[in-house]
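Trainee: Please show me how to read the surroundings of a ligand.

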Amino acid sequence: MKQLTLNSREETIALGERLATNLQPGDVIVLNGDLGAGKTTFTKGIARGLGISEVIKSPTFTIIREYQDGRLPLYHMDAYRLENGGAADLGLDEYFDGDGVSVVEWAQFAADELPDEYLSITFQRTDEDQRRILTLNPQGEHFTKLVEEL
Ligand SMILES: Nc1ncnc2c1ncn2[C@@H]1O[C@H](COP(=O)(O)OP(=O)(O)OP(=O)(O)O)[C@@H](O)[C@H]1O
Ligand SMILES: [Mg+2]
């Protein structure tokens with residue numbers, strides 16, 4: 001487990017960008033934290049780091065959005081609307097086993113569908129408007145190494 005303090009939106013984007021440079025096909029990043037904590041902002045950084053030029057829109061209503069124009073495909077998922085179930089019907093494992101990078105917001109609502117190995121990042125707001133505390137929790141050797149390199 002590793003904790004990081006980020007002092008601005010720009011720092012959150014930069015961290016996502018840095019993480020993206022070491023991502024591999026089939027990697028899964030799960031993001032938790034309250035509304036407005038910074039999960040989509042961080043995903044924008046990952047997308048930038050993958051060289052994706054399309055605008056990243058929150059997939060809250062579509063649940064899954066795919067971006068194909070980067071170094072690796074990005075599968076951006078938002079499980080918020082699955083709070084009351086339904087995750088099992090989406091076939092998420094096809095994304096997790098695919099050639100791209102999967103980023104899952106509100107992953108606690110799809111907990112049963114997650115693979116054995118992933119990087120979990122929890123975003124916490126603070127008293128400071130722009131300050132966020134991130135807790136990184138890697139599952140498996142590959143993600144432990146990713147966190148060390150970050
Ligand atoms: N350090 C920071 N990191 C990320 N976002 C920040 C930071 N400081 C301020 N913000 C602002 O907080 C908001 C974060 O919104 P964002 O959509 O990323 O949250 P989210 O966690 O995806 O929320 P939701 O659960 O609704 O999807 C943005 O308006 C962003 O500009
Ligand atoms: Mg979001």
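Mentor: Begin with residue classes: Ala, Val, Leu, Ile, Met, Phe, Trp, Tyr, Cys and Pro count as nonpolar, Asp, Glu, Lys and Arg as charged, and the others, Gly among them, as polar. By these classes, the lining of the largest pocket holds two nonpolar, six polar and three charged residues. This is a predicted model, in which local features need pLDDT of at least 70, side-chain atom pairs count only at pLDDT 80 or more, and totals for chains, interfaces and linings use all residues. Residues are numbered from 1 along each chain as its sequence is written, chains are lettered from A and ligands numbered from 1 in the order in which they are written, and side-chain values use heavy atoms, with hydrogens and water left out.

Trainee: Which residues surround ligand 1?

Mentor: A residue is near a molecule if one of its heavy atoms lies within 4 Å of it. Here 15 residues surround ligand 1, and the closest are Thr 12, Lys 39, Thr 40, Thr 41 and Gln 130. The shell around ligand 1 divides into three nonpolar, seven polar and five charged residues.

Trainee: What lies 2.6 Å from a nitrogen atom of ligand 1?

Mentor: A polar contact is a pair of N or O atoms within 3.5 Å. An N or O atom in the side chain of Thr 12 is 2.6 Å from a nitrogen atom of ligand 1. A backbone N or O atom of Ser 8 lies 3.0 Å from a nitrogen atom of the ligand. For Trp 106, a polar side-chain atom lies 2.9 Å from an oxygen atom of ligand 1.

Trainee: Which element gives the most to the shell around ligand 1?

Mentor: Helices are DSSP runs of H or I with at least four residues, numbered from the N terminus. α2 gives the most, with three residues.

How values were computed
Polar contact = N/O pair within 3.5 Å; in protein donor to acceptor, adjacent residues only side chain to side chain. Helix = DSSP H or I, 4+ residues; strand = E, 2+ residues; numbered from the N terminus.
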